[in-house]
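Please look over the model shown here. A set of questions and answers on its fold and packing follows.

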Amino acid sequence: MAEDAKDTAGADSAGAAACADDTVARVVREWQRVHPGIDTSPMAVIGRVNRCSALLQQATDAPLVREGLTRPEFDILGTLRRTGRELTPGQLARETFASGAAVTKRLRVLEQRGLVARRPDVRDRRVAHLSLTEEGRALIDRILPDQLGYESALLAGVAPERQAALAETLGELLVLLEGRLGGLQP
């Protein structure tokens, strides 16, 4: 059964060998030994996605650190830049997959640094509209190429065509989860 998991882990023998050596492959093999009748193949996918996410979150984004930014702060600046319009804190929370409280905290830091400006709504003073300042726009435009270069370096061991296939597969999974996950939670 462990051999079956190895065979389905990659499309070619090099991919299968790489998967056989990772932490999740070992965990799957151990579960297969403990419960040989249980299909552990979902663990091979979900475990790897979770492990990759954890490792990427632990990694220090050097270009961001040099500018005194965290990844979540960069995401807020990037969201404001790529949408090209004012957003409310609630819209930023949805766009960046963060809680409202986390966005509020990050916005406070970005406002203090002069990177984000807040404009109260004329009809409802409880609503704020946020935009990049000129300094914020210049920072995100300057740092984006360096950050993308850093991210490219992280993926350098994966051939470009494999990266494209992985992005497509992860996109399929994301659409599926975004559409169904709410119904699976208790």
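Q: What percentage of the contacts with a separation of 6 or more comes from residues 24 or more positions apart?
A: This is a predicted model, where local features need pLDDT of at least 70, side-chain atom pairs count only at pLDDT 80 or more, and totals for chains, interfaces and linings use all residues. Residues are numbered from 1 along each chain as its sequence is written, and side-chain values use heavy atoms, with hydrogens and water left out. A contact means heavy atoms within 4.5 Å. Residues 24 or more positions apart make up 52% of the contacts in the protein with a separation of 6 or more.

Q: What pattern does the protein follow along the sequence?
A: Helices (H or I, at least four residues) and strands (E, at least two) are DSSP runs, numbered from the N terminus. The protein has ten helices and two strands. Read along the sequence, the pattern is α-α-α-α-α-α-α-α-β-β-α-α.

Q: What share of the 186 residues is buried?
A: Buried means under 20% relative accessible area, exposed over 50%, and partly exposed in between, with a 1.4 Å probe and protein chains only. Of the 186 residues in the protein, the buried ones make up 25%.

Q: Why do the buried residues of helix 3 lie on the same side?
A: In helix 3, V24, A25, V28 and Q32 are buried. The arc, taken from the directions from the helix axis to the C-beta atoms, decides the matter. Those residues are on the same side of helix 3 because they cover an arc of only 100 degrees around the axis.

Q: Which residue has a side-chain oxygen that reaches the backbone nitrogen of V24?
A: A polar contact is a pair of N or O atoms within 3.5 Å; within protein, one must be able to donate a hydrogen and the other to accept it, and residues adjacent in sequence count only if both atoms are side-chain atoms. At the start of helix 3, the oxygen comes to within 3.0 Å of that nitrogen. The residue is D22.

Q: At what angle do helix 3 and helix 4 pack?
A: Axes are lines fitted to C-alpha atoms, for helices over the stretch in contact, and angles run from 0 to 180 degrees between N-to-C directions. Helix 3 (residues 23–34) and helix 4 (residues 41–58) have their axes 9 Å apart. The contact includes W31 of helix 3 and R51 of helix 4. The angle is about 145 degrees.

Q: Is T96 buried or exposed?
A: T96 lies in helix 7 (residues 89–96). A polar atom of its side chain is 2.7 Å from the backbone oxygen of L92. Not counting residues up to four places away in sequence, T96 touches D75, I76, T79 and V103. At 15% relative accessibility, T96 counts as buried.

Q: What is the relative accessible area of F97?
A: F97 is found in the loop between helix 7 and helix 8. Its phi is positive, near 55 degrees, in a residue other than glycine. F97 is exposed, with a relative accessible area of 72%.

Q: Which elements are among those that cover the buried residues of helix 8?
A: In helix 8, A102, V103, L107 and L110 are buried. They are on the same side of helix 8, because they cover an arc of only 130 degrees around the axis. The face turned away carries the exposed residues A101, K105 and Q112. The cover includes helix 6 (71–83), helix 7, strand 1 (116–120) and strand 2 (128–132).
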